[in-house]
Amino acid sequence: MPPERRAWEPDLLKCRSHSWTRFYGPDKTMRIRKLNIWGWVWVTAGVLYFFVPLIATFEFSLRAKKGTLSLLAYQRVLEDPQFWRTFGFSVSMGVVTILASLILIAPTAYWIRLRLPRLRPVVEFITLMPFVVPAIVLVFGLIRLYSGKPFALTNTVVGTDMLLVAGYMVLALPYMYRAVDTGLAAIDVRTLTEAAQSLGAGWGTILFRVVFPNLRAALLSGAFLTFAMVIGEFTIASFLVGMNAFGPYMSQVGQNKAYESSSLAIISFALTWALMGLIQFFNRGAPEQGQMGGAR
Amino acid sequence: MSSSSSTLLASGARRPKPATRFSWAWLGVVPFFAFATLFLFLPSFVLFVGSFQDAKGNFTLANIAGLFTPSILSAYWITIRISAVTAVAGGLFGFFLAYAGVMSGLPRWVRTSMLTFAGVASNFAGVPLAFAFIATLGRLGLVTVLLRDVFHINIYQGGFNLYGFLGLSLTYMYFQFPLMVLIITPALEGLRRDWREAAENLGATQWQYWRYVALPILLPSLLGTMILLFGNAFGAYATALALTGGMINLVTILIGSQIKGDVLHNVGLGYALALGMVVVMAVSMAGYYVLRRRSERWMRN
Amino acid sequence: MSRATRQTPLLVVLIVALSLLVGCVAPSAPAPAAPAATQPPAPAATEPPAPAPDPMADLIKAAKAEGTLTTIALPHDWCNYGEAIEGFKAKYGIQVNELNPDGGSGDEIEAIKANKDNKGPQAPDVIDVGYGFGPQLVEEKLVQPYKVATWDSIPADSKDVDGNWFGDYYGVLAFEVNKDAVKNVPQVWADLLKPEYKGQVALSGDPRASAQAQMSVYAAALANGGSLDNVTPGLDFFKKLNEAGNFVPVIAKQATVAKGETPVIMRWDYNALADKASLAGNPEIEVVIPKDAALAGVYIQGISAYAPHPNAAKLWMEYLYSDEGQIIWLKGGCHPIRYNDLAKRGVIPADVAAKLPPAELYAKAVFPTIDQINNAKQVINDNWDKVVGANVK
């Protein structure tokens, strides 16, 4: 097995076995170009599809001052202290939700695959339930159950935030579970576990030093999905913490101010993208997926 | 469960499972089930109970009976249709996009930015998304005007309508593609190089590689992600409401108007509608599960 | 282990600690929104009257002891609630917790029901719902009775005789027109059918979920041969509008009007006036009260029976129904329920009155009763998608 190395280190072996050289046909150059062209075509089409609506929104947000293009709408949003406060709050809630979801779901998905495959349809069905339970039913149910006597969660800030995170975790359940499960499908869980066990590893080591590092990309995908969801989530936040969260704030701006709502959409998009880039940054240096497991 | 032991024992003799092993295994999923019970089932229990109650709290089957009116049934049908269409199309094109970004030899920054962007775009929904598409493809949208003034193509005269099924599907894709890309990329990267090389060495063409090696490996994950996309579209509410104003009857919009609205407020019917959604989801899952078992058959020894 | 994986747990712990710090320190739940996302309250044209009578002093003390008020579904630009909230906070030093600014009446009622046992800041103290919900509030015991000091000047048909709910303001259904996008501003309902408005007319909600949209259909009925008891001509009107291609099935918001995508929409006059003020000429908005039908819609206030802060709630009501509070609503373009009383006593500032559409148009406004509204609701709900619904293929 080739020695582990950083992604940025040049690897002569890699150059030889990298995918594009595999496609040398009788006419070596033609095959490369063909492959890369299709790649670029799809990516370009994707970029167009995703960026044109954003550009249209951006173009509208520049019209806050009549007759000229100006950044007035952006200025107004960025100067609003409530924007920073609610965004910061939702970011922190997002991070907590990601961690709590990972801790709950990743080991569960792993365990189900390894030991309880017959439970998989049950668990998958459960993870799809948050799609069909309306968020408003969920939040009122949470309030009814946990605001009264034995728990009284809503009487303290920390308690309410905990309830909020629990609600977010439920909403993130489908995405996180599917991301982890797909990642697990791509590595050979059984062999990895047995190999680690035969080397004397305990469950902690197996989970955190063998399985999860192989799932890095999948865990990251799940984290991204959860984070974006928490930032934009409206219903649960609006009934639990009101105007302290970013979702209700965005909704209020959207009702009253046309240009600011567009600039807010662009700003929150850009900020969330930057934060995800930051999360991704912590992930760099990980070995490429699939190099550590045995054949499936 | 005993197959794991058979890989360790060369003779293939089956080791009797000690009883303690079995109870350990179930312990492992207790946190998940506890969480699901406490924070998903119990709070939404009211869905089940409330479907059978009228406004005064008495038991009634009227809500369930009310589900079988033509307008509500057609609402279910159209919601299923749009979810299925965006799941399959979103799944396919998302898969191609993921493949292009990850495996076709493009520079690494393409992959990274694609994934982070997909993360944000997967949740860009609701009023901002609806407005973005109105600003792009509405009657005075950027692209509409561009096509009309520069290329002299009037898409609205040609029958296109952003506020119809096609327009709504197109808008849904905005969060369906990224979802597929994010989830399938780790699976794509799990396709080991050696398999491709081995296939090549055996003389397989690209098509044969895909047909006999890569797709069978990926199919369970593809199906799993498509059911996720289906659920995602099935439960979507804010985007459809903002874009079509309730003109396209989706079940989620009906539920919203019963539970939240200013006007109707027959909460029991709203709960019954949601219960119907659970049933539809269960049926879809059953179908998905059948397909998935078939696709995984080759993997069982 | 690579350097990155060794450092990761540390980084993770750091992030968790930071976020918990921010999340717990960031004022949430009990300590609500920091002041001034909205503009500071403009000085009232009429100064608040001299010290209130004794029962008020006791109420103020009790309310201040409670320290906070929880409201729900009050957008800041709806009837100038933004200024009302800021004014209340400034005058009495009581914090205001705002829940769900986007909510409808159904949300508010469900919130009361869900928070019956909850004394935390998720339980709404006061609600502002549609007129038709009055009987339900009483029947399901969701509100507690209270009669404000100015109770007698509230018209009899706009309040519950026992004080369970009381009308707060009314408006008349109007057209909001983007003058930069439309050459001729429609003046009557019949104008909307003209071919020049092709693809330009929209509702601001789903008539099965939004009172504003439902009343638009109701008003169209009045203008087309219907009556307060017969809303079917309104459905027919929208059917014609849809068939002519003038109707755009999108939910219109300020942004879509400003963009020109839905330059002609139907909504309450006060919302249209608020949009006009907010857009400040970019683009130019005209608010038209159609000459052939002026349908008025009342909203009602109530104090939740399970309110965690009943005294703050009562003080809020006193504030809203005082002359000062009523004029704040008037500034938002709403007609406060005590409008006739205020006008008779001549306390309406001239500049505020000047911004409203002419009073004669309001003189012709018709007010449907609760029964008429509920009947219309039923008819619209049963027939909307049959008559108007896009046949989606």
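So, chains C and B: 30 residues of chain C are in contact with 29 residues of chain B, where contact means that the C-beta atoms of two residues, placed from the backbone, lie within 7 Å. Keep in mind that this is a predicted model, where local features need pLDDT of at least 70, side-chain atom pairs count only at pLDDT 80 or more, and totals for chains, interfaces and linings use all residues. Residues are numbered from 1 along each chain as its sequence is written, while chains are lettered from A and ligands numbered from 1 in the order in which they are written.

On the chain C side, helices H4 (105–114), H6 (211–223), H8 (254–259) and H15 (370–387) each put in at least two residues. H4(C) has the largest share, with four residues. Helices here are DSSP runs (H or I, at least four residues), strands are E runs of at least two, and both are numbered from the N terminus.

What about residue classes? That side of chain C has ten nonpolar, eleven polar and nine charged residues. Nonpolar is Ala, Val, Leu, Ile, Met, Phe, Trp, Tyr, Cys and Pro; charged is Asp, Glu, Lys and Arg; the others, Gly among them, are polar.

Okay, on to chains A and B. Here 78 residues of chain A meet 77 residues of chain B. Helix H3 (residues 28–61) of chain A gives the most to the chain A side, 16 residues. By class, that side has 50 nonpolar, 19 polar and nine charged residues.
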